[in-house]
Amino acid sequence: MEKRSLGRQGLVVSAMGLGCMGMSEFYGHGDDAESIKVIHRAIELGCFFLDTADIYGPHTNEVLVGRAIADRRDRVVLATKFGNVRDANGKWMGQNGKPEYVRQACDASLKRLGVDHIDLYYQHRVDKDTPIEDTVGAMAELVKAGKVRYLGLSEAAPATIRRAHKVHPISALQTEFSLWSRAAESEILPTVRELGIGFVPYSPLGRGFLTGAYRSAEAFGPGDYRPNHPRFQGENLAANLAIVEKVEAMAKAKGTTAGQLALAWVLAKGNDIVPIPGTKRLQYLEQNVASAAIKLSAADVQALDEAVPDGVTRGDRYADMSTVNR
C-alpha cells in the first residue's frame, strides 16, 4: 500500500488506516482473538496506521490494540484519543479538555497500550468549557516530554482548528466523511488544506451502510448501536437506501463492490486524505485494503459526486449533535 503524509511535521502513514473501535464496542459483540488476527493481517498488508481511543470499550480497546502490537510496535503508527469521558461502567460524563486531565488521560492511555509514546494524539471532542489554547498547550507539553509525537483534533470547527494550530502545529483533523457525509468539503477541508493539516475520515463507509449490508433495522445484531443513529431509522433508512442502490449500480459497472468503490472515492479526494475504515473481520479487512488499488478517473469521481451530492442523506449523523464543534 502507498504511504501518505499527514501534516507538514513528518508524520507518514499508510494511505488507509484501520479503525479499531468496533472490535470492542458499538458494532455488536467482538472476539478479541479474531480482532488481533485482523490487526496483524492489516500490518502484513501494509495498513499500519491504527486508530483507537480511551473511551472505546470503555477503556478496553486500547488494551486490545496494545496486546496486538506488543511484538511489532516499530511497525505501526499508533493513534489514540482523549476528551470524551466515561466512567468504568460506560456512563458518558461529557468532554474534558482541562490541562490536568490531558496529562492524566495520556498517562492512562500509555499504560493501557503498553507503549512509551503515542504517535498521533487527538482531542476526541472539543471541550466547550475549556479554551482550545489551554488544551493544545497541554498536548504540546506531552510532545516536549516525548510521550506524544504528533497532535490531532477530531470534529473541530474551522475557527477552533485555526486557534489550535497557532499554539502547536496540528498534523491531522479527524471527522466523519464519506459519500453520505460530505459536509466537510464545504469548510473543513479547505481550512485544513490551507493550514497544511492532514485529513483523516472516520466512518468512510457510512458505518457500513454503503456496503449494502444493512437494509433494515433487523440486519443489525445484538449489541449494535447503529440503529440509534437517525440515518438508520424509519423513513430516513428507507430514503437512504437509494444512495446504496446508486453506488451498487456504479460499482457493478466497475467490477468492484459498493464498499470498495465508496472507499476508492474517499482516497481519490486527495493525497492528504487517509480514511480509517473499521472492521473486526479478516474478509472485510482484505476487501477494504484492496480498494486502495482501485484508481478512479476524474470522470468517475465526478459521477459519484453527482450521484450522491452533499445534503442528499436523510437524518443527522448522531442523535445528539451537541458534542460536534461547529
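Trainee: How much space lies in the largest cavity, and what makes a space a cavity rather than a pocket?

Mentor: In this predicted model, about 30 Å³ of space lies in the largest cavity. A set of points is called a cavity because a 1.4 Å probe fits there but cannot get out, whereas a pocket is an open set. The count comes to one cavity of 30 Å³ or more.

Trainee: Which residues line the largest cavity, and how do they divide by class?

Mentor: The lining consists of Glu-176, Trp-180, Arg-207, His-229, Arg-231, Phe-232, Asp-316 and Arg-317. Five of these residues are charged, two are nonpolar and one is polar. Trp and Phe count as nonpolar, and Asp, Glu and Arg as charged.

Trainee: Why are helix 5 and helix 6 called roughly parallel?

Mentor: Two packed helices are described by the angle between their axes and the distance between the axes. Helix 5, residues 158–167, and helix 6, residues 188–195, cross at roughly 15°, and their axes come within 9 Å. Angles under 35 degrees count as roughly parallel. The angle falls under that limit, and helix 5 and helix 6 are therefore roughly parallel to each other. Helix 5 passes helix 6 in a right-handed crossing.

Trainee: Which residues make the contact between helix 5 and helix 6?

Mentor: Helix 5 contributes Pro-158, Ile-161, Arg-162 and His-165, and helix 6 contributes Ile-188, Thr-191, Val-192, Glu-194 and Leu-195. By class, the contact of helix 5 with helix 6 has five nonpolar, two polar and two charged residues.

Trainee: What makes helix 8 and helix 10 roughly perpendicular?

Mentor: Helix 8, residues 258–268, and helix 10, residues 298–307, pack at an angle of about 110°, with their axes 10 Å apart. The range for roughly perpendicular runs from 65 to 115 degrees. The angle lies in that range, so the pair is roughly perpendicular. The crossing of helix 8 and helix 10 is left-handed. Leu-261, Trp-265 and Ala-268 of helix 8 make the contact with Val-301, Leu-304 and Asp-305 of helix 10. Five residues in the contact of helix 8 with helix 10 are nonpolar, one is charged and none is polar.

Trainee: How do you know that helix 1 and helix 9 are roughly parallel?

Mentor: Helix 1, residues 32–44, packs against helix 9, residues 282–290, at an angle of about 25°, with the axes 9 Å apart. With the limit set at under 35 degrees, helix 1 and helix 9 are therefore roughly parallel to each other. Their crossing is right-handed. Glu-34, Lys-37, Val-38, Arg-41 and Ala-42 in helix 1 meet Leu-282, Leu-285 and Glu-286 in helix 9. This contact of helix 1 with helix 9 has four nonpolar and four charged residues, and no polar ones.

Trainee: What is the phi of Phe-26, and where does Phe-26 lie?

Mentor: Phe-26 has a positive phi of about 80° although it is not a glycine. Phe-26 is in the loop between strand 3, residues 17–19, and helix 1.

Trainee: What kind of peptide bond joins Gly-57 and Pro-58?

Mentor: The bond between Gly-57 and Pro-58 is cis, with an omega of about 0°. Pro-58 is placed in the loop between strand 4, residues 49–51, and helix 2, residues 61–69.

Trainee: Where is Asp-310, and which residues does Asp-310 touch?

Mentor: Asp-310 is in the segment after helix 10. Leaving aside residues up to four places away in sequence, Asp-310 touches Arg-182 and Ala-183. Contact means heavy atoms within 4.5 Å. The C-alpha atoms of Asp-310 and Leu-267 are separated by 17 Å, and these two residues are 43 residues apart along the chain.

Conventions
Residues are numbered from 1 along each chain as its sequence is written. This is a predicted model: local features need pLDDT of at least 70, side-chain atom pairs count only at pLDDT 80 or more; totals for chains, interfaces and linings use all residues. Side-chain values use heavy atoms; hydrogens and water are left out. Axes are lines fitted to C-alpha atoms, for helices over the stretch in contact, and angles run from 0 to 180 degrees between N-to-C directions. Helices (H or I, at least four residues) and strands (E, at least two) are DSSP runs, numbered from the N terminus. Angles under 35 degrees count as roughly parallel, over 145 as roughly antiparallel, 65 to 115 as roughly perpendicular and the rest as oblique. A crossing is left-handed if the near helix is turned anticlockwise from the far one by less than a right angle, and right-handed if clockwise. On a 1 Å grid over the protein atoms alone, a cavity is a set of points where a 1.4 Å probe fits but cannot get out, and a pocket is an open set with protein on both sides within 12 Å along at least five of seven lines; lining residues have an atom within 4 Å of a point. Grid points are joined across faces, edges and corners, and a volume is the space filled by probe spheres set on the points.
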